[in-house]
Amino acid sequence: MVSQITRGIKISVLTSFEGTYFKNYKIHFAFSYEITIENHSKDSVQLTSRHWEIFDSLNDLEIVDGEGIIGKKPVLKPGEQHTYSSGCLLASPYGAMQGHFNMINFSNAKNFKVYIPTFKLCAPFALN
């Protein structure tokens with residue numbers, strides 16, 4: 001697990017290799033990740049959007065931007081946390097992801113970024 005704190009918001013990431021499968025005559029490597037967002041600040045905040053940079057050792061960098069996370073824009077009061085799971089497919093057994101969440105602080109109505117630490121995506125058989 002990797003973690004990082006930005007402006008009192010802690011992001012923790014746990015990853016898992018889910019297996020391989022064929023799609024369009026190509027092998028794909030499936031990874032899942034669980035992200036926990038913890039509000040250690042004194043203000044209520046809301047996640048509004050996300051930005052991902054997905055690195056695949058056999059492909060170009062993929063950028064993904066979108067509203068919220070898995071269809072939600074969670075509000076976190078001080079001391080609260082939100083956990084969600086998602087996943088990605090790679091063309092290789094090794095890659096990584098990093099990015100940030102755009103959030104709004106309800107006490108001053110200011111937007112800010114919370115950085116997601118870089119986390120590796122690696123099939124167990126690729127580690128030797």
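**View 1. The structure holds two salt bridges, a salt bridge being a side-chain nitrogen of Lys or Arg within 4 Å of a carboxyl oxygen of Asp or Glu.** This is a predicted model, in which local features need pLDDT of at least 70 and side-chain atom pairs count only at pLDDT 80 or more, whereas totals for chains, interfaces and linings use all residues. Residues are numbered from 1 along each chain as its sequence is written, and side-chain values use heavy atoms, with hydrogens and water left out. In one of the salt bridges Lys 73 pairs with Glu 67, and the closest N and O atoms are 2.9 Å apart. Lys 73 counts as partly exposed at 41% relative accessibility, while Glu 67 counts as exposed at 55% (buried means under 20% relative accessible area, exposed over 50%, and partly exposed in between, with a 1.4 Å probe and protein chains only). Lys 42 forms a salt bridge with Asp 43, with 3.8 Å between the closest N and O atoms; here Lys 42 is exposed, with a relative accessible area of 71%, but Asp 43 is buried, with a value of 16%.

**View 2. The chain has zero helices and nine strands.** Helices (H or I, at least four residues) and strands (E, at least two) are DSSP runs, numbered from the N terminus. The C-alpha trace of the chain spans about 50 × 25 × 20 Å along its principal axes, and of the 128 residues of the chain 41% count as buried.

**View 3. The largest pocket has a volume of about 260 Å³.** Among the 19 residues that line the largest pocket, those closest to its centre are Ile 54, Val 64, Gly 87, Cys 88 and Met 97. The elements that give two or more residues to this lining are β4, β5 and β7 (81-90), and the largest share, six residues, comes from β7. A pocket is defined on a 1 Å grid over the protein atoms alone, as an open set of points where a 1.4 Å probe fits, with protein on both sides within 12 Å along at least five of seven lines, and lining residues have an atom within 4 Å of a point. The volume is the space filled by probe spheres set on the points, which are joined across faces, edges and corners. By class, the lining has twelve nonpolar, three polar and four charged residues, where Ala, Val, Leu, Ile, Met, Phe, Trp, Tyr, Cys and Pro count as nonpolar, Asp, Glu, Lys and Arg as charged, and the others, Gly among them, as polar.

**View 4. Phe 55, Leu 61 and Ile 63 make a nonpolar surface patch of about 260 Å².** Patches are made of residues with over 30% relative accessible area and no salt bridge, nonpolar side chains (Val, Leu, Ile, Met, Phe, Trp, Tyr) being joined within 5 Å and like charges within 9 Å; accessible areas come from the Shrake-Rupley method with a 1.4 Å probe, and for residues only the protein chains shown count as cover. Leu 61 is found in the loop between β4 (45-56) and β5 (62-67), and Leu 61 is partly exposed, with a relative accessible area of 46%.

**View 5. Asn 24 and Ala 109 have positive phi values although neither is a glycine.** Asn 24, with phi near 55°, lies in the loop between β2 (9-23) and β3 (26-39) and is exposed, with a relative accessible area of 62%. Ala 109, with phi of about 60°, has its place in the loop between β8 (94-105) and β9 (110-122) and counts as exposed at 55% relative accessibility.
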